[in-house]
Number of protein chains: 2
Amino acid sequence: VRLPSLVAAVDRALQATGMPPRGGTLVVGLSGGADSVALLDALASLRRRRGFRVVAAHLDHGLRAGSADDAAFCAELCRSLDVPLHAGSADVRGRAARERGGLEQAARRERYAFLRRVRDEEAAAAVAVAHTRDDQAETLLLRLLRGAGATGLAGMRPRTGDVVRPLLAVSRQEVLAHLRERGLAWREDPSNADAAHRRNRVRHELIPYLEERFNPGIRAALARTASVLADEAAHVRAEAEALLAGVAREESGALLLKRVPLAEAPTAVARAAIRQALLRAGGLAQVGALHIDQVLRLARAKAPSGRRLPLPGGREARFTRDDIRLEKRTGRGTKAVSSREEP
Amino acid sequence: VRLPSLVAAVDRALQATGMPPRGGTLVVGLSGGADSVALLDALASLRRRRGFRVVAAHLDHGLRAGSADDAAFCAELCRSLDVPLHAGSADVRGRAARERGGLEQAARRERYAFLRRVRDEEAAAAVAVAHTRDDQAETLLLRLLRGAGATGLAGMRPRTGDVVRPLLAVSRQEVLAHLRERGLAWREDPSNADAAHRRNRVRHELIPYLEERFNPGIRAALARTASVLADEAAHVRAEAEALLAGVAREESGALLLKRVPLAEAPTAVARAAIRQALLRAGGLAQVGALHIDQVLRLARAKAPSGRRLPLPGGREARFTRDDIRLEKRTGRGTKAVSSREEP
């Protein structure tokens, strides 16, 4: 039996990630959009042959008037594919307000928290999400336009912990062809319509422009770059964690980093270690390349003792002879440099 | 005394790279274009204060009708700045034909060979080239459009061996402002007019488009990304060299790599090691991500014994139980996959 090409691609991706194991369960995040509908359909058609269970999970983000219709659509689809569905709802606006963050970030957090609850209830091996090669390409451009470093540019990997992405090598075009062929309907842009203005401009304006003017294969080229970068970033991050284990300690609410070994580490590893330390010290939703470079420069300076570097979120870095102390800011009148560079 | 801003930037860059040492000589690559004229002027105005000598080197590539005028212009400029000039000429077309490569690559090789000859004659400490922040940004986009991995995306570093780039943090706008202020003339695009079609489109079309539609600070953002990637790539490359020292050996014209340690290395390090091995085995002007991935996949496969992978340049990779042999192709009828992905 020859499998339809999208189903074959999903099959290969599952084999490569080793997920789910035979007899295991896979939870599929189902928004009702084209990508997740195609993924669910492909997994449903593979489950018997490969010996695993498929369960769908749909979260109503409550961000748009039509979101209840999305839930009804998903329920009907799951009935027709004979897939059990967990439906939930979340207060994304409330979370965004509480955390003083953006809607998109709050929605993502609620979604992954929901997927993990369903995974636990179902004792599932992994969660499958429907990111495609086009998402990979768009994300790389978005981050590049902002000026991220390699760790920030790094793309999504086929598997990160218990999350697998079986469509990562599949283009949106292939997704749509599969849906047409199978006569499946989907909901347009159901989960993130109002939060994705910038991404939509990359998708509908920048990528077609690059395709026409510079490289017709730009989507594949960007996706490959993102995936190679993801491997390099994972490697540097692993080394940074090993470095951090040797140089970081907590002391009365502050995170202390030993200066000398940090200053002497290769720049790439030191940068990644500082990024992780800043995140661990808290207060930063997003660590900018600017802060990382400032901390590294001061760590490497000859006599930075006593210097204070204000950081966002009410934190600061204080440089003593031997250590860098990351802690709540105590001084007054110091203003943190913004961690974002875009206007 | 407060230095003009471009001179101050060059001064800072020299301090950071430690080049040239006090009493040493710096050879400046001088094309006659805006960037190299500004760099030469800045270095000439710093030489006394910082105690080093400056010597210029101009290579006539013989690619355009007006190239002799460029040489005359450089001679006049050097007289007015009181800088000794080495002028040379090269047969770039001949080299390109002999090596079956592009004009741009042949020109670059001739240029660096000439700069190193001048460095040796002058017993100079280092060679300075006039790459700017804009070059850094353009190169990143060019490579990204082609789909390079991180090592391929990685930007230029302020210093690589004996080559320093004192303008790498300076924008082209600042270069032009400096020339205006100092009343200095320059030659338009003298060295690479016919070879730089694609780069010119990135410079004059893509970057202004991104600036207007997505991020007014795109040049700085891209340059920062390129420089962070350069550090990460340098680190991964150093580890790859260490890995290669343990797994590679030469045997009757073939380069042999031990399969198991290569297959078990982190993906990023293994990729970089394979890239270096393919270059060392010869025959490839440019190693594509595709070949690297194929070699790695076969190295990691369970039973690849006897498999042959044709490579460009008449080479092949042959997989035995313990080794990967990179050597001249012996079989017939195998066609190499192209190492380039663009049309």
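This is a predicted model: local features need pLDDT of at least 70, side-chain atom pairs count only at pLDDT 80 or more; totals for chains, interfaces and linings use all residues.
Residues are numbered from 1 along each chain as its sequence is written, chains are lettered from A and ligands numbered from 1 in the order in which they are written, and side-chain values use heavy atoms, with hydrogens and water left out.

**View 1. Chain B meets chain A.** Each chain brings residues to this contact (heavy atoms within 4.5 Å): 42 from chain B and 42 from chain A. About 3,800 Å² is buried between the two chains, and carbon and sulfur atoms give 60% of that area. Buried area here is the accessible area (1.4 Å probe) that two parts lose on being put together, summed over both. On the side of chain B that touches chain A, at least two residues come from each of helices H6 (133-146), H7 (150-153), H9 (197-213), H10 (218-247) and H12 (267-281) of chain B. Helices (H or I, at least four residues) and strands (E, at least two) are DSSP runs, numbered from the N terminus. H10(B) gives the most, with 12 residues. By type, this side of chain B holds 24 nonpolar, 7 polar and 11 charged residues. Nonpolar covers Ala, Val, Leu, Ile, Met, Phe, Trp, Tyr, Cys and Pro; charged covers Asp, Glu, Lys and Arg; the others, Gly among them, are polar.

View 2. Side chains of opposite charge can pair when their charged atoms come close. A salt bridge here is a side-chain nitrogen of Lys or Arg within 4 Å of a carboxyl oxygen of Asp or Glu. Over all chains the count is 62, and 4 salt bridges cross the interface of chain B and chain A. In one salt bridge, B:Arg271 pairs with A:Asp231, with the closest N and O atoms 3.2 Å apart. Another salt bridge joins A:Asp162 and A:Arg119, whose closest N and O atoms are 2.1 Å apart. That pair links distant parts of the chain, 43 residues apart: A:Asp162 is in the loop between strands S5 (159-160) and S6 (163-164) of chain A, and A:Arg119 is in helix H5 (residues 103-121) of chain A.

**View 3. The six-stranded sheet of chain B.** This open sheet of 6 strands runs in the order S3-S2-S1-S4-S6-S5 (chain B), with mixed pairing. Two strands pair if DSSP finds at least two bridges between them. Strands S3 (85-89) and S5 (159-160) of chain B are the edge strands, each pairing on one side only. Strands S1 (residues 25-29) and S4 (residues 126-128) of chain B run parallel, joined by 3 bridges; look for B:Val27, whose bridge partner in S4(B) is B:Val127. Helix H5 (residues 103-122) of chain B lies across S1, S2 (53-60), S3, S4 and S6 (163-164) of chain B, at about 145° to S2(B). Axes are lines fitted to C-alpha atoms, for helices over the stretch in contact, and angles run from 0 to 180 degrees between N-to-C directions.

**View 4. The five-stranded sheet of chain A.** Here the open sheet has 5 strands in the order S7-S8-S11-S10-S9 (chain A), with antiparallel pairing. Strands S7 (248-251) and S9 (308-311) of chain A stand at the edges with a single partner strand each, so one side of each is left without a neighbour in the sheet. From one strand to the next, the twist averages 20°. S9(A) and S10 (residues 315-319) of chain A pair in the antiparallel sense over 4 bridges, and A:Leu311 stands opposite A:Arg315 in S10(A).

**View 5. Backbone details.** The peptide bond from A:Met19 to A:Pro20 is cis, with omega near -10°. A:Ser252 has a positive phi of about 40° although it is not a glycine; A:Ser252 lies in the loop between S7 and S8 of chain A.
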